[in-house]
Amino acid sequence: MDEKAEQQLTELLAADLDGGFTELVRVHGRSVYTFLLRVSGSRTEADDLGQDAFLRAYTALQGYDPERRRELKPRAWLLTIAANVWRNHVRTCTRRPALTGVPVEEAAGSWTDHRPGPEERAALSDDRRRLVSALLKLPEHQRIAVVLRHVMGMSYAEVAEVQGCPVGTAKAQVSRGLRSLRRLLDPEVPVLEEVTT
């Protein structure tokens, strides 16, 4: 979204919260869903968490005065909310495992269905499935940073804003995440690098 269109959106939010919010969801709904799908690996969770993120966004906007709504960076602001909703979801799952009587370490794999559903199997190539699977194995902070940078196309400054960290830290998270992805996708490369260095 270009700067002029984003400014029009924030002006609409400042003038008419309900109309502006409808436009906000229309313009950025797909980005929020895509982000949540890539960090969760589940379409159902992405839908549920996306609804929660937009509910929280609307509630927050109701408390903002028109000037504050006018100053928003909508995409980064919404993805920050979505990232926080995801983190809260992970914490809740950790604190209240769905399975009773099973140690947390054993139950962790059952919280999210990491396998693609029937629609995804038909739509995705084998390479893409491998990439998604590898992405889900990354630590949360690296996964979020990689998805924001390379799936959502955000700048490092925007990634840092969403992650609540300095730009250098965001760059490091993306770099480490990509290095881990390379190792997961081609496990023989690190062995060759170690032998040749």
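1. Burial terms. A residue counts as buried under 20% relative accessible area, as exposed over 50%, and as partly exposed in between. On that scale Tyr 58 is partly exposed, because its relative accessible area is 23%. Phe 21, at 13%, is buried. Please keep in mind that this is a predicted model.

2. Aromatic pairs. The structure holds 3 aromatic pairs. In one of them, the ring centres of Phe 21 and Tyr 58 are 4.9 Å apart and the planes meet at 65°, so the pair is edge-to-face; the cut-off for that class is over 60 degrees.

3. Charges over rings. Two cases are worth a look. The charged end of Arg 68 sits over the ring of Tyr 64, at 3.8 Å from the ring centre. Lys 171 lies over the face of Tyr 156, with a distance of 5.7 Å to the ring centre.

4. Helix crossing. Helix α9 (residues 140-151) and helix α10 (residues 156-163) have axes that come within 9 Å and cross at roughly 140°. That angle makes α9 oblique to α10, because only angles over 145 degrees count as roughly antiparallel. The crossing is right-handed. On the α9 side the contact is made by His 141, Ile 144, Ala 145, Leu 148 and Arg 149. On the α10 side the residues are Tyr 156, Val 159, Val 162 and Gln 163. Tyr 156 is also the ring under Lys 171 in point 3.

5. Ser 31. Which residues beyond its sequence neighbours does Ser 31 touch? Not counting residues up to four places away, the contacts are Arg 75, Leu 79 and Met 152. With a relative accessible area of 18%, Ser 31 is buried.

6. Ser 180. This residue is found in helix α11 (residues 167-185). Leaving aside neighbours within four places in sequence, Ser 180 is in contact with Leu 138 and Gln 142. Gln 142 is 38 residues away along the chain, and the C-alpha atoms of Ser 180 and Gln 142 are separated by 9.1 Å.

Terms used:
Residues are numbered from 1 along each chain as its sequence is written. This is a predicted model: local features need pLDDT of at least 70, side-chain atom pairs count only at pLDDT 80 or more; totals for chains, interfaces and linings use all residues. Side-chain values use heavy atoms; hydrogens and water are left out. Rings of Phe, Tyr and Trp (its six-membered ring) pair if their centres lie within 6.5 Å; planes under 30 degrees apart count as stacked, over 60 as edge-to-face and the rest as tilted. Buried means under 20% relative accessible area, exposed over 50%, partly exposed in between (1.4 Å probe, protein chains only). A charge sits over a ring if NZ of Lys or CZ of Arg is within 6 Å of the ring centre and within 35 degrees of the ring normal. Axes are lines fitted to C-alpha atoms, for helices over the stretch in contact, and angles run from 0 to 180 degrees between N-to-C directions. Helices (H or I, at least four residues) and strands (E, at least two) are DSSP runs, numbered from the N terminus. Angles under 35 degrees count as roughly parallel, over 145 as roughly antiparallel, 65 to 115 as roughly perpendicular and the rest as oblique. A crossing is left-handed if the near helix is turned anticlockwise from the far one by less than a right angle, and right-handed if clockwise. Contact means heavy atoms within 4.5 Å.
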